[in-house]
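Work through the exercises below with the coordinates open. Try each task before reading its solution.

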Amino acid sequence: MMKLKKLLQAVLCTAMVLALAITAGCGGSDKKSDKKVLKVGMECAYAPYNWSQPTADGGAVKIAGSNEYAYGYDVMIAKKLADSMGAELEIHKIEWDGLAPAVVSGKIDAAIAGMSITSKRKETVDFTKPYYYATVVALVKKDSPQAQAKSVADLKGSVATSQLNTIWYDQIDQVPDVKKLPAIDNVPGMIVALKSGKCNLIVTDIPTAKAAAFANPDLTMVTFEGDKGFKTSREDVEIGIAIKKGNKELADSMNKVLGGMTEADFNKIMDEAIKKQPLAK
């Protein structure tokens, strides 16, 4: 009788476990979990490419694990890509130096962060077609001698810096007799250095310089005609989306969208981002 009782208890326990498992399985099959998620990483502090803001105004996207929202050119492009895939866009705020490692580890599917397509970066990640073309320029104070420069040679003797681990920082070496300061972690830090007088020249790209000048009336962007500007290779100015090596499916999906857009399309979206950046208001 005791053995029979124990057997009945065991059968009842097994039945309960199975019932719980079935219930749990049903609960996880809601529409939200079935939808694909595109996890995208960016600094969220690199206007006009990307920035953070307190609300969803304008179409900003919630930053994962945060009460803030991300917006900017990169988010605008990311939304187009996610929509084309029928995926939910998930933004992850990651420091610049951590973006490529996050792609490699699989923490994010892609880094859409104003990243130049360089040979060195291609050693660890793959890139899509360019989603922007960024000419290198000078950002200076309006009332400085550098603002009158007509060529890179005219910037001779400047005290200069740029962002850490960017091609911009390498371009500084083209300025004759330049005093090159250590690189700065982010764009806001670069602007503070320029406005405070720590340096009198920032080497950066057109969108970053235009956005900084738009938000800071005392700053101006200096461009140079023909061969008087910074010497760059094609890979220096081609901005791409970093994805995990060998992820051909994702690359093909993104390239299908990007391949149908022109440089004029990219510039139009970038101009919109520059006008929408928080500091411009």
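**Exercise 1. The open sheet**

What is the order of the strands in the open sheet of 5 strands? The model is a predicted one.

Solution. 
- Step 1. The order reads β12-β11-β13-β10-β14.
- Step 2. Check the pairing. It is mixed.
- Step 3. Find the edges. β12 (179–180) and β14 (219–222) each have a single partner strand, so one side of each lacks a neighbour in the sheet.
- Step 4. Inspect one pair. β11 (residues 159–161) and β12 run parallel and are joined by 2 bridges. Val159 has Lys179 in β12 as its bridge partner.

**Exercise 2. The faces of α10**

Determine which residues of α10 are buried and which are exposed.

Solution. 
- Step 1. Locate the helix. α10 covers residues 263–276, 14 residues in total. From first C-alpha to last, α10 reaches 20 Å, close to the 20 Å expected at 1.5 Å a residue.
- Step 2. Apply the cut-off: buried means under 20% relative accessible area, exposed over 50%. Phe266, Ile269, Met270, Ala273 and Ile274 come out as buried.
- Step 3. Look down the axis of α10. The buried residues fall within an arc of 145 degrees, so they line one face of the helix.
- Step 4. Turn to the other side of α10. Ala264, Lys268 and Lys275 are exposed there.
- Step 5. Identify the cover over the buried residues of α10. It includes β3 (50–53), α3 (73–85), β9 (132–133), α7 (206–215) and α9 (248–258).

**Exercise 3. Gln277**

Is Gln277 buried or exposed? Describe its surroundings.

Solution. 
- Step 1. Gln277 lies in the segment after α10.
- Step 2. Read its accessibility. The relative value is 3%, so Gln277 counts as buried.
- Step 3. The Gln277 side chain reaches the backbone oxygen of Ala211 at 2.9 Å. It also reaches the backbone oxygen of Ile274, at 3.3 Å. Ile274 is one of the buried residues of α10.
- Step 4. Set aside neighbours within four places in sequence. Gln277 is then in contact with Ala47, Trp51, Ala211, Phe214 and Ala215.

**Exercise 4. From α4 to Thr166**

Find what the buried residues of α4 pack against, then work out which residues Thr166 touches.

Solution. 
- Step 1. Pick out the buried residues of α4 (residues 96–105). They are Trp96, Leu99, Ala102 and Val103.
- Step 2. View α4 down its axis. Its buried residues fall within an arc of 95 degrees, so they line one face.
- Step 3. Name the packing partners. The buried residues of α4 pack against β1 (36–42), β7 (110–116) and β15 (238–243).
- Step 4. Look past the end of the helix. Gly106 follows α4, and its phi is positive, near 90 degrees.
- Step 5. Move to Thr166, in the loop between β11 and α5 (167–171). Thr166 has a relative accessible area of 9% and is buried.
- Step 6. Leave out residues up to four places away in sequence. Thr166 touches Trp96 and Arg121. Trp96 is among the buried residues of α4.

**Exercise 5. The whole chain**

Which totals describe the protein chain?

Solution. 
- Step 1. Count the elements. There are 10 helices and 15 strands.
- Step 2. Take the burial. Of 281 residues, 44% count as buried.
- Step 3. Residues 24 or more positions apart account for 70% of them.
- Step 4. Consider the surface. The chain exposes about 14,600 Å², with 56% supplied by carbon and sulfur atoms.

Notes
Residues are numbered from 1 along each chain as its sequence is written. This is a predicted model: local features need pLDDT of at least 70, side-chain atom pairs count only at pLDDT 80 or more; totals for chains, interfaces and linings use all residues. Side-chain values use heavy atoms; hydrogens and water are left out. Helices (H or I, at least four residues) and strands (E, at least two) are DSSP runs, numbered from the N terminus. The expected span of a helix is 1.5 Å times one less than its number of residues. Buried means under 20% relative accessible area, exposed over 50%, partly exposed in between (1.4 Å probe, protein chains only). The arc is that of the directions from the helix axis to the C-beta atoms. Contact means heavy atoms within 4.5 Å. Two strands pair if DSSP finds at least two bridges between them. Accessible areas come from the Shrake-Rupley method with a 1.4 Å probe; for residues, only the protein chains shown count as cover. A polar contact is a pair of N or O atoms within 3.5 Å; within protein, one must be able to donate a hydrogen and the other to accept it, and residues adjacent in sequence count only if both atoms are side-chain atoms.
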